[in-house]
Amino acid sequence: MSNIGSYEERLQGFDWSIAEQELGYTPGGRINIGWYCSDRICDLGLGQKHALLWEDAQGVAKKFTYDDLRCYSNSIAAFLQGLGIQPGERVCLFMDRVPELYIGFVAILKMGAVVQPLFSAFGDESLWTRLENAQTTAIVTQKKHLPKVRKIKDKLPYLKHIIVVDAPQTTLREGETSFNLDEAPKVDVFEVYPSTAETPSVLHYTSGTTGQPKGAQHVHYSIISQYLTAKWVLDLQADDIYWCNADPGWVTGTSYGIIGPWANGVTQAVLDSGFGTERWYAFIQKYRITVWYSAPTAIRLLMREGTEVARKYDLSSLRHLASVGEPLNAEAVIWSQEAYGLQFHDTFWQTETGCMVITNYPGMPIKPGSMGKPFPGITATVLNPRTFEPVNQVGMVGLIALRPGWPSMIRGYWNNPTGYANKFANGWYLCGDRASIDRDGYYWFVGRDDDVINTGGHLVGPFEIESALLEHPAVAESAAVAKPDPVNMEVVKAFITLKPGFEPSDDLELEIMNFIRKRLSPLAMPQEIEFSPGLPKTRSGKIMRRVLRAREFGEPVGDISTLMDE
Ligand code: WT7
């Protein structure tokens, strides 16, 4: 089947220098992700090969070769440079999955700036928090998202440039600049920024339990792991047509929706539209997708529609399937075998790891429900949560931990050294998840070790939701927790204590839900609100989300000895 070697073979004497050599990187030398994803592929003689096959919800389609990618990313890079944007400055991409997003990503890296992709469904408050924290100097966006940017720009002293990719200059205001890719000159020669291994590359915001989202800081050297894991775990080969469902606002959409496939010179297809079973099958059929990287929530939605719908389409091009983001249920793996004749390969990783760390390696027997085994080059274990020593016992649940030092591990959280230091204990990096390891070395996910809510594979932080809730005039106190959901695994539920003079009502519930959807995002919007006269607190006054969460999941509450007597 594949040419990548078995898991056991690859474990033997594994060294990341394998990827360095394949990429022709000399330690200490230059390494620029943007160059690797475009110019280098052209240098290998693949300039006329398609890099991107793009289509939107209306069926508008565009195709870009690697040479187009090279020249257009030069155009954008030269344009940004012309505005005076300097290497190291943060440039935010705030767009739907339009070609400018993908090409712009490559361009920003080529000019040495730090690319900060943000999910275009974010409301003005989520956007503001992340631009403010990163002291972002430029944002590239679309007309439809411009109102959100305009609303907050006066509260962003560092933001100097607002670039709009689909509006003529005459419709824009002062401080806003139009850029049109279709009309832009193709720039053949651009001097790529001479970045080295530790030069900052991508800044992804991710949610934790406490505080606002943190900026996970990646460097150009991350391509070493992204290239190799894309090749080995996604089994990318020269003739593949690869489809990654993730939006580049999240790490899957950049590590494996841009860098991994393009560093491998593979053709990738992008569908700029939401989920739709038939739409997705039609897309696979039309573009003859061979490798598909998806997520459990999407797979559960497809499952709900049954295998009959799948049979209406020619999906025979599919060769390899993988999944990430949330636990992949055993039933989903078994179902995919029935529906597509192929099993989804679960992979586990995080924004912070930059690349897959625990994987169902191609060819390795799949145990449905397990995340697989550590990728070669990743030293993983589960730790006793009290001693931070490996549990060293088959089936014993502990904290998933990794030995620091693989190429794509983040180098810090932006302006938050304490948050970063808290991710380590006893020489291990702590993922914040719990799992057990069976006698064959397979990892079994148990749950998160914090209050972060994983809805449809997207992490949302309770603090960000609670802070936004407090801005609503009726809310006195609140707690945001996960509630089980058959499709999204978890959704947000908010417990709210009202201020005097406000009464619980359906209207108020709806109003608060919409308030959060607009300010933060549809993901962060509580699907249910429970008005409560009081919330469980510790003696020191901290709201105990885990008591509320346990109730939602029908689980034992655990130690509540610190709970305040009410
Ligand atoms: C968290 C990381 C990196 C991909 C997208 C999410 C959960 C991720 C799995 C999996 C069970 C998973 C974990 C992890 N998660 N993959 N295969 N099985 N849980 O990146 O937003 O940084 O989220 O997603 O809780 O810590 P992220």
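This is a predicted model: local features need pLDDT of at least 70, side-chain atom pairs count only at pLDDT 80 or more; totals for chains, interfaces and linings use all residues.
Visitor: How many salt bridges does the structure hold?
Guide: The structure holds 35 salt bridges, a salt bridge being a side-chain nitrogen of Lys or Arg within 4 Å of a carboxyl oxygen of Asp or Glu.

Visitor: Which residue forms a salt bridge with arginine 448?
Guide: Its partner is aspartate 450, with the closest N and O atoms 2.8 Å apart.

Visitor: Is arginine 448 buried or exposed?
Guide: Arginine 448 is buried, at a relative accessible area of 19%. Buried means under 20% relative accessible area, exposed over 50%, and partly exposed in between, using a 1.4 Å probe and protein chains only. Aspartate 450 is partly exposed, at 24%.

Visitor: And what do lysine 493 and glutamate 530 form?
Guide: Their side chains meet in a salt bridge of 2.7 Å, N to O. Lysine 493 lies in strand β25 (residues 489-498) and glutamate 530 in strand β26 (residues 528-531), so this pair ties together parts that are 37 residues apart in sequence. Strands (E, at least two residues) and helices (H or I, at least four) are DSSP runs, numbered from the N terminus. Lysine 493 is buried at 3% relative accessibility, whereas glutamate 530 is partly exposed at 27%.

Visitor: Which residue pairs with glutamate 555 in a salt bridge?
Guide: That is arginine 549, the closest N and O atoms being 3.8 Å apart. Glutamate 555 is partly exposed at 39%, and arginine 549 is partly exposed at 23%.

Visitor: Changing topic: which residues of strand β6 are buried on each side?
Guide: In β6 (residues 161-164), His161 and Ile163 are buried on one side, and Ile162 and Val164 on the other. In a regular strand the side chains alternate between the two faces of the sheet.

Visitor: In what sense do strand β5 and β6 pair?
Guide: Strand β5 (residues 138-141) pairs with β6 in the parallel sense over 4 bridges; pairing requires that DSSP finds at least two bridges between two strands. Isoleucine 139 stands opposite isoleucine 162 in β6.

Visitor: What about β6 and strand β7?
Guide: β6 and β7 (residues 176-178) pair in the parallel sense over 3 bridges, and threonine 177 in β7 is the bridge partner of isoleucine 163.

How values were computed:
Residues are numbered from 1 along each chain as its sequence is written. Side-chain values use heavy atoms; hydrogens and water are left out.
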